[in-house]
Amino acid sequence: MKPGKASSIIVLTSISDGQESYLESVGLEISRLFGYPTVAMPLLDSIDFAYNTQRDQYHSTAILTRLAELAPPDALKILAVTDRDLYIPILTHVYGEAQLGGRACIVSTHRLNEGISAGGDPERLRCRLMKEAVHELGHTFNLKHCPETRCIMHYCRKIEHVDRKSQAFCRYCRVLLQDELDRMAEETP
């Protein structure tokens with residue numbers, strides 16, 4: 001993929017302890033797939049403002065709004081990684097959320113750990129996180145959910161669905177992404 005503007009970056013940020021270790025490998029894959037450089041930087045110290053005591057979860061939409069407000073001027077997109085359990089009101093939980101066509105997205109390792117014993121399989125968790133990070137970032141580039149079960153843009157209701165999908169865009173989503181990147185390049189002075 002070719003980027004639209006050389007000075008634009010995709011900001012990667014960790015919102016909870018222990019998530020920083022994922023940012024480098026996620027950043028390499030994001031740069032490869034989207035064509036923009038990534039930079040890791042802190043943006044939020046806490047997401048307690050998004051905590052819902054009745055659900056014992058964090059409202060991801062509120063976090064996205066705050067991340068977008070805190071974006072540095074050269075940030076094209078922001079991807080946050082947390083270990084907190086995320087939700088949106090109409091679902092029991094989410095692996096992540098994104099602003100469709102917007103600037104911010106977030107992914108949580110909380111439920112991506114499902115089926116992995118404590119200290120178990122860090123590569124399996126890294127693979128799941130990579131898939132969901134690319135998926136959510138894809139939404140910020142206007143990609144919608146794909147019916148192709150192997151496509152990285154396929155919507156996953158269960159962790160088995162995350163494991164089953166590939167780490168790549170299907171041919172159709174690859175074309176849509178390139179069209180969006182080209183459109184963004186035309187809009188950039």
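Accessible areas here come from the Shrake-Rupley method with a 1.4 Å probe, and for residues only the protein chains shown count as cover. The accessible surface of the chain comes to about 9200 Å². Carbon and sulfur atoms hold 52% of that surface.

This is a predicted model, where local features need pLDDT of at least 70, side-chain atom pairs count only at pLDDT 80 or more, and totals for chains, interfaces and linings use all residues. Residues are numbered from 1 along each chain as its sequence is written, and side-chain values use heavy atoms, with hydrogens and water left out.

**Stop 1: the whole chain**

Along its principal axes the C-alpha trace spans about 45 × 35 × 30 Å. The radius of gyration, taken over C-alpha atoms, is compared with a globule rule of 2.2 Å times the number of residues to the power 0.38. For 189 residues, that rule puts a compact globule near 16 Å, and the chain agrees at 16 Å.

Now colour by burial. Buried means under 20% relative accessible area, exposed over 50%, and partly exposed in between (1.4 Å probe, protein chains only). Of the 189 residues, 49% count as buried.

Switch to cartoon. Helices (H or I, at least four residues) and strands (E, at least two) are DSSP runs, numbered from the N terminus. There are 5 helices and 8 strands. Their pattern along the sequence is β-α-β-β-β-α-β-β-β-β-α-α-α.

**Stop 2: the sheet**

Select β1, β2, β5, β7 and β8. Two strands pair if DSSP finds at least two bridges between them. In what order do the strands of the open sheet stand? The order is β2-β1-β5-β8-β7, with mixed pairing. At the edges stand β2 (38–40) and β7 (96–98), each with a single partner strand, so one side of each has no neighbour in the sheet. From one strand to the next, the twist averages 20°.

Zoom in on β1 and β2. They pair in the parallel sense over 3 bridges. Pick Ile10: its bridge partner in β2 is Thr38.

Axes are lines fitted to C-alpha atoms, for helices over the stretch in contact (heavy atoms within 4.5 Å), and angles run from 0 to 180 degrees between N-to-C directions. Helix α1 lies across β1, β2 and β5, and runs at about 160° to β1.

**Stop 3: Ser8**

Step back to the segment before β1 (9–14), where Ser8 lies. Is Ser8 buried or exposed? Ser8 counts as buried, at 10% relative accessibility. Leaving out residues up to four places away in sequence, Ser8 touches Tyr36, Pro37, Asp74 and Leu76.

**Stop 4: charged pairs**

Side chains of opposite charge can pair when their charged atoms come close. A salt bridge is a side-chain nitrogen of Lys or Arg within 4 Å of a carboxyl oxygen of Asp or Glu. The whole structure has 9 salt bridges.

Select Asp85 and Arg111. Their closest N and O atoms are 2.8 Å apart in a salt bridge. Asp85 lies in the loop between β5 (75–82) and β6 (86–87), and Arg111 in the loop between β8 (104–108) and α3 (122–140), so the pair ties together parts 26 residues apart in sequence. Asp85 is buried at 10%, whereas Arg111 is partly exposed at 26%.

Move to helix α3. Arg126 forms a salt bridge with Glu123, with the closest N and O atoms 2.6 Å apart. Being 3 residues apart in the helix, Arg126 and Glu123 are separated by about one helical turn.

Finish with Arg124, Arg128 and Asp163. These residues are linked in a network of salt bridges.
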